[in-house]
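Hi,

Here is the model I promised to pass on to you. Have a look at it first, and then read my notes below with the structure open beside them.

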Amino acid sequence: MSELPKNTFYDINKFPAMEGMLVFPISMSRISNESQNAKKYWQYLEYINPNKINKNVPNSKVGAMFVYGDYLYLYSNEKAGTLKRRYMDLVASHKNSFNNLLKGDPYLISDSVSYKVWNQFYLDCDKFVFYLDSLKKIYDEDEKFQSYIKQDFEKLDNPKRVLDENQLNFFLEEHLMLYLIAKGQMKLENNFINGHEKWILVAYPGKPLKAHIYLHQKNFFNLDNPQNVYQNSWYDLEGKKLYDFNRIDLETFDF
């Protein structure tokens, strides 16, 4: 990936010839729309499998995990009980709908797909709260970080939302969690891969946000997952491109 010029990105031809995990973060605000509903992810996986998997290599197995951002959306002024019921129903419906599609797919193995809600990850990394508190302090002192968060927020183009404390905490925790997943700090329970993943790739319908890229580029916590060739990458499921954060110039890249 490093041989390519900056700000130029393409699709993946084949995944590495070893066991790996795709991580699908699910936004609760998009879980029912045409970009993140169950049918759309089934279509994403139909494109990925078998085209991008080295079927002739014995250990070239790929699992997938849906990560539902339900607890992340508790950064809200709405009543917790109302949010809990809403997101519980949405998560259950999405999982059940995808499972039904999975059963009828001749290429996908049922055990290759697993599901996890946001708060389960809190127990996987003993330093998660420390990292989150530290990231907030870094944000308070880092003007570039502040600028990228502001630019990302402005791209939301939603007049009903404001960059208040809830929205800021939402951004910071989301970026941190996905960073820690890519750095191998979280458990990706999957019966098909069974903890043997050598690579982890975060895949989402859309380009990565500037602040998320900046977090990886600065690597404030000096974390390294050398066996993961995608530890500083993002796959755009809609655009069908792999973004290598090491080759992005944040000041000139077209977001």
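Helix α5 is the element that contributes most to the lining of the largest pocket, giving six residues. Keep in mind as you read that this is a predicted model. The pocket in question holds about 530 Å³ of space. It is lined by 24 residues, and those closest to its centre are R30, L156, E174, Y204 and L209. Besides α5, helix α4 (143-155) also supplies at least two residues of this lining. By class, the lining of the largest pocket splits into 12 nonpolar, six polar and six charged residues.

The second largest pocket comes to about 380 Å³. Of its 18 lining residues, Y73, Y75, S76, R161 and Q167 are the closest to the centre. Two elements give two or more residues to this lining, namely α2 (80-103) and α5. Here α2 gives the most, with four residues. The lining of the second largest pocket divides into nine nonpolar, five polar and four charged residues.

Rolling a probe the size of a water molecule over the atoms shows where empty space is left. With a threshold of 30 Å³ or more, the count is one cavity, and the volume of the largest cavity is about 50 Å³. Its lining is made up of P25, I26, S27, V67, G69, L72, Y73, W118, E174, L178 and Y204. Strand β1 (20-26) and helix α5 are the elements that each give two or more residues to that lining. Eight of the cavity's lining residues are nonpolar, two are polar and one is charged.

Since α5 keeps coming up, how does α5 pack with α3 (128-141)? The angle between the two helices is about 125 degrees, and their axes are 10 Å apart. The crossing of α3 past α5 is right-handed.

Last, some backbone details. Most residues other than glycine have a negative phi, and most peptide bonds are trans. Which peptide bond is cis here? It is the one from N49 to P50, with omega near 10 degrees. P50 sits in the loop between α1 (38-48) and β2 (62-68).

Two asparagines are also worth a click. N194, although not a glycine, has a positive phi of about 55 degrees. N194 is part of the loop between α5 (165-182) and β4 (199-204). Is N194 buried or exposed? Its relative accessibility is 54%, so N194 counts as exposed, the cut-off for that being over 50%. N222 likewise is not a glycine and has a positive phi, of about 50 degrees. The loop that holds N222 runs between α6 (210-218) and β5 (233-236). At 66% relative accessibility, N222 counts as exposed.

Happy browsing, and best wishes

Conventions:
Residues numbered from 1 in each chain as written. Predicted model: local features only at pLDDT ≥ 70, side-chain atom pairs only at ≥ 80, totals over all residues. Heavy atoms only, no water. Buried < 20%, exposed > 50% of the residue type's maximum accessible area, 1.4 Å probe, protein only. 1 Å grid on protein atoms, 1.4 Å probe; cavity = no way out; pocket = protein on both sides within 12 Å on 5 of 7 lines; lining within 4 Å. Points joined across faces, edges and corners; volume = space filled by probe spheres on them. Nonpolar A, V, L, I, M, F, W, Y, C, P; charged D, E, K, R; others polar. Axes fitted to C-alpha atoms, helices over the stretch in contact; angles between N-to-C directions. Left-handed = near helix turned anticlockwise from the far one by under 90°.
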